[in-house]
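Here are a few exercises to work through with the model open beside you. Try each task before you read its solution.

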Amino acid sequence: MNTRKTGTGKGRTTTGRGAKPTGSKPTSRTGKPAARGGKPAPRSEKSDAPKSTTPRSKPTTADGSSKPHFKPKVRKGDPLPTFNEDEVRLNKYLSNAGVCSRREADVLIQTGVVSVNGEIITEMGYKIKKDDKVQYDGETINAEVKRYVLLNKPKGFITTMDDPLGRKTVMGLVINACKERIYPVGRLDRDTTGLLLFTNDGDMAKKLTHPRYEATKIYHVEADKPVQKEHLELLMRGIELEDGRIQADKAEYVTDGKSGREVGIEIHSGKNRIVRRMFEKLGYEVVKLDRVQFASLTKKDLPRGYYRHLTEKEVSFLKMTK
């Protein structure tokens with residue numbers, strides 16, 4: 001071990017680690033120079049200037065109103081579809097136009113009934129540009145890219161394209177989803193939360209809302225009091241409402257419910273406020289209503305207030321639903 005004399009006593013040693021350099025200023029334990037005389041440095045006095053009492057101005061909209069702005073949300077990690085495709089396969093173009101499926105489009109192309117810019121095309125995988133003129137059986141096809149957007153609707157938004165009273169609409173939540181104009185499929189009440197689909201595919205929207213196709217909807221209902229078991233059975237047998245008889249496909253208690261107040265109900269009717277009216281008929285008030293499934297679509301990995309685009313697999317499944 002290296003040692004050195006301190007000079008204060010014969011034979012006394014200390015390690016080099018504890019030696020202080022000569023001529024340096026004394027320091028405190030924190031490493032900062034200590035104040036002279038061992039007294040702490042005085043604290044800086046607060047400014048005597050009076051604090052500003054002017055209230056902050058609230059953000060206003062373009063028309064001068066002070067209504068809050070609602071920023072549309074999209075779940076992180078969801079890939080957005082390509083909007084500006086320079087070229088697209090001819091079979092996909094025909095499918096997007098609603099003529100037929102891609103596989104059926106391949107058959108049409110092979111039979112020579114599809115032309116591009118006046119020339120009959122029979123080549124598989126042929127790509128067209130957006131300015132090309134496509135004709136099928138002599139008629140010109142105008143194909144807009146089909147969009148399918150699924151929203152987990154929060155409470156307080158009405159399902160309409162616009163509202164003359166200036167209330168919040170669901171369109172404000174999906175305004176940045178795509179450049180195409182999309183429309184809600186069906187509707188949810190202002191105080192109802194859950195899944196709401198938007199699309200510009202008219203055939204798809206008609207199919208999902210028409211009673212003949214019986215698109216399944218599952219709701220999570222919370223009533224103002226425990227629901228009697230015989231009333232669940234009555235919901236499945238059917239009850240009479242002012243606009244006709246209605247029955248649920250399934251109705252059962254939610255396992256983690258609050259003393260029988262929470263019920264899951266499966267129904268395929270698209271009538272206005274149908275779930276609330278069914279429970280009101282039996283003497284219950286619905287305090288919370290959430291649509292957890294629409295057709296084959298669920299809320300998995302989709303937080304409240306967020307939207308996502310359907311995958312090709314989901315779209316194909318919806319088209320195959322009978």
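**Exercise 1: a residue in helix 1**

Leu94 counts as buried, with a relative accessibility of 0%. Keep in mind that this is a predicted model.

Task: find where Leu94 lies and which residues it touches, not counting those up to four places away in sequence.

Solution: 
- Start with the element: Leu94 belongs to helix 1, residues 90–96.
- Next, list the partners: Leu94 touches Val99, Cys100, Ala105, Ile109, Val114, Val134 and Ile141.
- Finally, take a C-alpha to C-alpha distance: Asn142 is 48 residues from Leu94 in sequence and 9.2 Å from Leu94 in space.

**Exercise 2: the largest nonpolar core**

Task: work out which element gives the largest share of the largest nonpolar core.

Solution: 
- Begin with the core itself: it has 36 residues, and Val174, Phe198, Leu235, Ile265, Val275, Met278 and Phe279 are those with the most contacts inside it.
- Then look at the elements that give two or more residues, among them strand 12 (193–199), helix 4 (229–237), strand 17 (262–267) and helix 5 (274–281).
- The largest share, four residues, comes from helix 5.

**Exercise 3: an arginine in helix 5**

Task: decide whether Arg277 is buried or exposed, and list its contacts beyond four places in sequence.

Solution: 
- Locate the residue: Arg277 lies in helix 5.
- Apply the cut-off: Arg277 has a relative accessible area of 11%, and buried means under 20%, so Arg277 is buried.
- Its contacts are Leu241, Glu242, Asp243, Lys271 and Asn272.

Definitions and conventions: Residues numbered from 1 in each chain as written. Predicted model: local features only at pLDDT ≥ 70, side-chain atom pairs only at ≥ 80, totals over all residues. Heavy atoms only, no water. Core = buried A, V, L, I, M, F, W, Y, C linked by side-chain atoms within 4.5 Å. Buried < 20%, exposed > 50% of the residue type's maximum accessible area, 1.4 Å probe, protein only. Contact = heavy atoms within 4.5 Å.
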